[in-house]
Each structure stands twice: as structure tokens, then as C-alpha cells.
Amino acid sequence: MEIEKSKMLYKRALELMPGGVNSPVRAFKAVGGSPIFIKKAKGSRIYDVDSNEYIDYVLSWGPMIVGHSHPSVVKALKTAIENGTSFGAPTSLEIELAQMVIKAYPSIEKIRMVNSGTEATMSAIRAARGFSKRDKIIKFEGCYHGHANGLLVKAGSGATTFGVPDSPGVPKSYAKNTITLPFNDIKAFKSMVQKEWKSIACVIVEPVVGNIGCVLPKPGFLEALRKETEKYGIVLIFDEVMTGFRVSFGGAQEYYKVIPDMTCLGKVIGGGLPVGAYGGKREIMSMVAPEGPVYQAGTLAGNPIAMTAGIETLKILSKKDTYEKLEKTMQRLEDGLKDAAKRAGVKTRFYRAGTMFCTYFTDKDVYDYKTAKTSDTERFAKFFMGMLNRGINLAPSQFEAGFISIAHTKADIEKTISAAYRTLTELK
Ligand code: KE4
């Protein structure tokens with residue numbers, strides 16, 4: 001692909017913004033080369049500033065599940081904008097979206113809209129701490145819950161329970177309240193909780209870990225989290241920012257039939273505009289200001305334009321057979337990608353939950369951060385570039401999930417499979 005205009009824009013962007021982007025993964029650091037700048041998008045397609053066309057499997061990192069610029073979303077937004085873009089006062093749109101989400105997630109008795117997944121998880125943890133009057137949290141290695149200080153933490157060395165900062169700028173004092181454990185390790189989880197439960201406010205988990213690609217919970221893992229947290233009065237938070245309305249309409253909690261105390265959402269519920277949300281048991285959510293003492297606020301929270309995009313998106317998703325059609329398209333893509341790797345003689349492992357997926361370049365089973373890291377990232381980078389040059393836009397990192405939309409056609413999938421076969425044979 002000829003990407004001269006993108007290269008020129010990137011050069012300029014580098015002078016103005018850190019790494020030339022407003023979110024690190026967009027800079028292509030993990031795959032090399034210069035990031036493509038997008039001019040527009042429609043359905044399953046995105047178009048860069050050099051007028052190259054791509055079938056898009058990033059979909060803005062999950063939100064665009066009904067496809068880019070869906071006609072009814074665009075129409076509703078045009079009308080909403082005519083009525084004004086922000087009031088800093090309640091609107092009926094917030095009630096409408098709240099009702100739609102609560103109907104799909106019965107575990108959410110009360111919900112608060114915020115502007116991002118980061119705000120959702122940060123606020124849910126504060127509410128859980130306020131409710132339980134405990135300070136520590138448990139997270140799992142490789143799970144990403146946004147960039148709040150207490151969540152940019154990795155496991156401390158040896159038997160220490162406290163975490164250490166995973167980024168400069170995070171004070172040690174913030175990290176010491178975060179315990180990080182291996183995902184899917186029930187034994188490690190149970191022994192930590194038995195030892196430390198008195199100081200643990202909550203456990204936060206990506207029920208399917210989309211931030212190390214696509215790592216599935218082993219049978220019994222989520223159930224064990226539920227059972228142990230129940231036993232010790234610890235709040236169980238499912239971070240469904242990525243899995244919500246993605247692995248199924250009712251998210252991972254519906255898919256795996258494990259019900260958390262609190263749920264964080266984002267991405268799809270904003271339909272491409274900035275929306276996050278956290279919610280759960282009434283007794284916990286009633287702690288949140290102004291009903292309760294736990295403070296949390298946001299100038300643009302519940303923004304009418306963002307609410308409109310979310311409402312229209314969920315309306316489209318709630319139509320009959322939507323998820324059956326998504327599942328059919330996804331199954332064909334899975335079969336095709338696996339078959340292409342087999343025919344090309346390249347060792348890969350493919351995982352998916354609903355319509356989030358990942359192809360790892362490894363011959364080992366992937367079930368946690370350590371095993372995900374056995375993948376050959378050099379090989380992934382070559383695969384990524386080969387696919388991009390064939391008009392297929394994948395996530396620019398081995399440790400990110402891919403997504404499909406209702407706009408992806410049979411022809412899109414067949415084109416993707418043949419591009420994958422040709423690219424994989426080049427890797428030999
Ligand atoms: P945001 O603050 O980026 O809206 O959401 C943070 C977040 C929280 N929880 C989960 C499970 C998430 O996946 C995310 C954000 N996901 C990344 C993709 N891995 C967003 C892409 C980016 O950082 O640019």
C-alpha cells in the first residue's frame with residue numbers, strides 16, 4: 001500500500017503529540033512501520049488518507065459492532081446534534097440507555113454513566129472500597145482495566161502480596177494496595193483470599209482477557225472467583241468494557257453464567273462515542289454521590305450525543321437473530337483462519353469468545369499472560385504488515401483482540417481468509 005500522506009501526517013503529529021498519537025497502541029510500535037491515518041469509514045470498511053481501503057477488524061477496539069457509520073446511528077446523531085450537544089443537566093436519554101443496559105444485565109440494579117472504561121473501573125473500585133471499608137484490590141496479570149494509577153501495577157517479587165508500579169509516575173503507595181495474581185490460577189487465588197480477605201475490597205477481572213489477545217477463563221475459574229468472593233464479603237467486579245455486548249448481548253456474565261456484584265462497561269454502549277458505565281448491586285451503588293458519600297463526577301457524563309449513539313447501537317443489536325448472524329460469520333472466519341495456517345504450515349493458536357478473537361503465533365496452549373508471551377511477536381508483526389498490505393486491518397499488536405461487526409459480509413471473510421493464506425505462506 002502507498003501511504004505517503006499518512007507518513008507526512010505522522011511526521012507532523014510526532015511534533016505535536018507524544019508518539020504522534022492520542023493512545024499508544026495506535027502508533028504501531030508493536031508491529032513497526034508508520035501508522036495509517038484514517039479519513040473515513042463505512043460498514044466493515046475503513047479508508048486511509050491515501051484512499052487505501054481496508055476490511056476493519058479493529059472496529060475502534062470493539063465499539064463499532066454494528067459497523068462504521070450505520071445509517072440509523074448517523075440519522076439519530078444528526079437529529080440529536082440539532083437539539084444541542086451538552087447541557088450539564090439530566091436528560092431522558094440517560095434514562096433510556098440506563099434502562100436498556102439494566103435490561104440486558106440484570107445484575108446491574110443501578111448504573112452510573114461516565115466517559116471511558118478507565119473512569120468506569122476506577123469509580124467501581126472506589127465504590128467497592130467505600131462499601132466494604134477495605135483497601136486492597138486483586139487484579140490478574142495481563143488484564144488491563146484502563147490507566148488509573150492503582151491499576152498500572154504488576155505483581156511484586158517473591159511472596160510479597162503488594163504490587164509494584166507498572167509505569168513511572170505511579171507512586172509505590174498506590175501500588176501497595178493492588179495484589180496481582182496469575183489469570184486462571186484458582187489455587188493462587190484461593191490461598192491469597194484466605195490469607196488476606198479482611199483487607200480486600202474487591203476483585204476486578206476481565207472475564208475474557210482481551211488485553212493479552214483473547215485468553216479464555218478455564219472451566220471453574222470464574223465460578224471460583226464468585227464463590228470465594230461471596231464467602232469473604234469481597235466485591236466481585238467484571239470489567240466488561242470489551243466483553244460487554246461483544247461475547248454475547250448480555251456479556252461474559254450471560255455467556256459463562258457467572259454473576260458479578262458490579263460490572264464495568266464501555267466501548268459498544270457508546271456506539272463509537274465516549275461512554276463508560278459502572279453499576280451493580282443497589283446497596284453498593286447507593287454509596288455513590290450524591291446518594292451516598294463516595295464521590296465521583298463528570299462534566300460530560302451522560303452526554304446526550306453519546307447517549308444517542310449508544311441507544312441506537314443497542315437498538316440495532318437487540319434485533320432478532322443479530323448474534324446468531326454474528327456467530328455464523330465469526331465461525332466461518334475462525335475455520336478459515338485455522339485452515340489457512342494449517343495449509344501454510346504455520347503453527348498458530350486461535351481463540352475466541354463470541355466475536356472477539358486472537359491468532360497467537362505459538363504452538364503452546366495460551367491460558368494466561370505467561371503462555372501468551374510464548375508467541376512469536378516478530379512473526380505476528382510480519383503477518384500484520386502482510387495483511388495490511390492486502391487491505392486487511394488487524395489490531396497492531398499480538399496482545400490485542402480482533403473483532404467483527406454485523407456489516408462484515410461473506411465476501412469480506414473469504415477475502416480475509418485468502419489474504420491470510422498468502423501472507424502466512426510468505427512467513428515460511
Ligand atoms: P478506555 O479508558 O480506553 O475507554 O477503557 C479502558 C479499558 C478498560 N477495560 C478493558 C477491558 C479495556 O479493554 C479497556 C481499553 N481497551 C483498549 C484496547 N485493549 C483500548 C484501546 C486503547 O487503549 O487505545
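**Group meeting: a mixed sheet and a helix pair**

Helices (H or I, at least four residues) and strands (E, at least two) are DSSP runs numbered from the N terminus, and angles run from 0 to 180 degrees between N-to-C directions of axes, lines fitted to C-alpha atoms, for helices over the stretch in contact.

This is a predicted model, in which local features need pLDDT of at least 70, side-chain atom pairs count only at pLDDT 80 or more, and totals for chains, interfaces and linings use all residues. Residues are numbered from 1 along each chain as its sequence is written, and side-chain values use heavy atoms, with hydrogens and water left out.

Turning to the sheet, seven strands form an open, mixed arrangement in the order 4-12-11-10-9-5-8, where two strands pair if DSSP finds at least two bridges between them. Strand 4 (110-114) and strand 8 (178-181) are the edge strands, each pairing on one side only, and the twist averages 20° from one strand to the next. Strand 5 (residues 136-140) pairs with strand 9 (residues 200-205) in the parallel sense over three bridges, with I138 standing opposite V203 in strand 9. Helix 6 (residues 186-196) lies across strand 5, strand 8 and strand 9, at about 175° to strand 5.

Finally, helix 13 (residues 377-389) packs on helix 14 (residues 410-427) at about 135°, with the axes 9 Å apart. Among the residues making this contact are F383 and M387 of helix 13 and L424 of helix 14.

Notes: Contact means heavy atoms within 4.5 Å.
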